[in-house]
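Keep the viewer open as you read.

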Amino acid sequence: MRGTITAYGTTRVADLKTIPEGAWALRGERGLTFADDLPPGSELVAGKWWPANYSGPPLVSVDERMADALKLKLGDPLTISVAGQERTARIASLRKIEWDTMGFNFVMVFSPNALSDVPHNLAATITMPPGRERAVVRALSAGFPSTSVVEVREVIGQVRTIVSQMATAIAAAAGIAILAGIAVLVGAIAAARETRTYDSVILKTLGATRGQILAAQALGYLLLAVILAALAAAIGIAGGWYVVVELFAFDWLPDYGTIALTLLAGVGVTVGIGLLGALPILSARPARALREL
């Protein structure tokens, strides 16, 4: 069955000038259901579930995010309009809903005595091996002529294809950004070659060995790479957290191992390119270099 939320707490939805941020459940009709047991894919985070064969005042369990958006708490009334009638139930519990499951998820689940007398349909999800869909559809149609079957395998396949294409596009854009960064790094090394050649010649004149000069160059590039890696990690993690948590309202579950390996790889590439650029400097002869400088 479907219905609309007409009031929550002491607020009538019709009196609202603007819908509160995150209160998408107030927009239009929502799927409604009732159940004796806690539905799969849901986890109680506050309150408690009603007992089997409950016959007291009508109760409802709501999504914790919707409750936060509407500033609802346990015991507050929630009124819905269903089948042309308004019905009110008290909030008995808040649930954390796993929306990424393949089952049905409802923002509001009522106690059976709240909605069981309202005309409603039964719905179920079926997972089956590829190639068996037609046989199952024919069997359902023969046994239950009024049954409507919606196949979602092709839809999910199309979504996976789109997501895969998006991932490829993001990876390609990231690759271009990395190549551009390497080009900038090579250009910076080339631009500073004269200065580094002068430093190398002075150090050689003062008695420094090629190994000491190379170690000094490596230390400089290592410090530069570590500073850049720290800045990149801070900006990337902060930006990723904002997009994932604030924009998409997902859980923040970064793979810190992959992040660390990426940063180490970046440090290694930076130091490696810097040392390759320093090799020609080591072969510069002091007398000739000083005359050219």
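What is the bridge partner of V62 in strand 9? It's M108. Before going on, a word on the ground rules: this is a predicted model, where local features need pLDDT of at least 70, side-chain atom pairs count only at pLDDT 80 or more, and totals for chains, interfaces and linings use all residues. Residues are numbered from 1 along each chain as its sequence is written, and side-chain values use heavy atoms, with hydrogens and water left out.

Back to the strands. Helices (H or I, at least four residues) and strands (E, at least two) are DSSP runs, numbered from the N terminus, and two strands pair if DSSP finds at least two bridges between them. Strand 6, residues 59–63, pairs with strand 9 (residues 108–110) in the antiparallel sense over 3 bridges. Strand 6 also runs parallel to strand 8 (residues 85–97), joined to it by 5 bridges; there, V60 stands opposite I91. Strand 6 is mostly covered, too, with 5 of its 5 residues buried. Buried here means under 20% relative accessible area, exposed means over 50%, and partly exposed is in between (1.4 Å probe, protein chains only).

Now follow the loop between strand 8 and strand 9, where you'll find W99. This residue counts as partly exposed, at 37% relative accessibility. Setting aside neighbours within four places in sequence, W99 is in contact (heavy atoms within 4.5 Å) with W24, D63, N105, F106 and V107. W99 and P39 are 60 residues apart in sequence but 12 Å apart in space, C-alpha to C-alpha. P40 sits in the loop between strand 4 and strand 5 (42–47), and P40 is exposed, with a relative accessible area of 74%.

Next, the pockets. On a 1 Å grid over the protein atoms alone, a pocket is an open set of points where a 1.4 Å probe fits, with protein on both sides within 12 Å along at least five of seven lines; lining residues have an atom within 4 Å of a point. Grid points are joined across faces, edges and corners, and a volume is the space filled by probe spheres set on the points. The largest pocket holds about 1800 Å³. Of its 46 lining residues, F104, A123, A124, T125 and I126 are the closest to its centre. Strand 4 (33–34), helix 3 (133–143) and helix 4 (153–191) each supply at least two residues of that lining. By class, the lining has 24 nonpolar, 15 polar and 7 charged residues. Ala, Val, Leu, Ile, Met, Phe, Trp, Tyr, Cys and Pro count as nonpolar, Asp, Glu, Lys and Arg as charged, and the others, Gly among them, as polar.

The second largest pocket comes to about 590 Å³. It has 18 lining residues, with I178, T262, G266, V267 and T270 nearest its centre. Two or more residues each come from helix 4, helix 6 (210–247) and helix 7 (256–282), and helix 7 gives the most, 7 residues. This lining has 14 nonpolar, 4 polar and no charged residues.

Finally, zoom out. The protein chain has 8 helices and 9 strands. Its radius of gyration (over C-alpha atoms) is 32 Å, well over the 19 Å that the globule rule gives for 293 residues, so the chain is more spread out than a compact globule. That rule is 2.2 Å times the number of residues to the power 0.38. Of the 293 residues, 26% count as buried.
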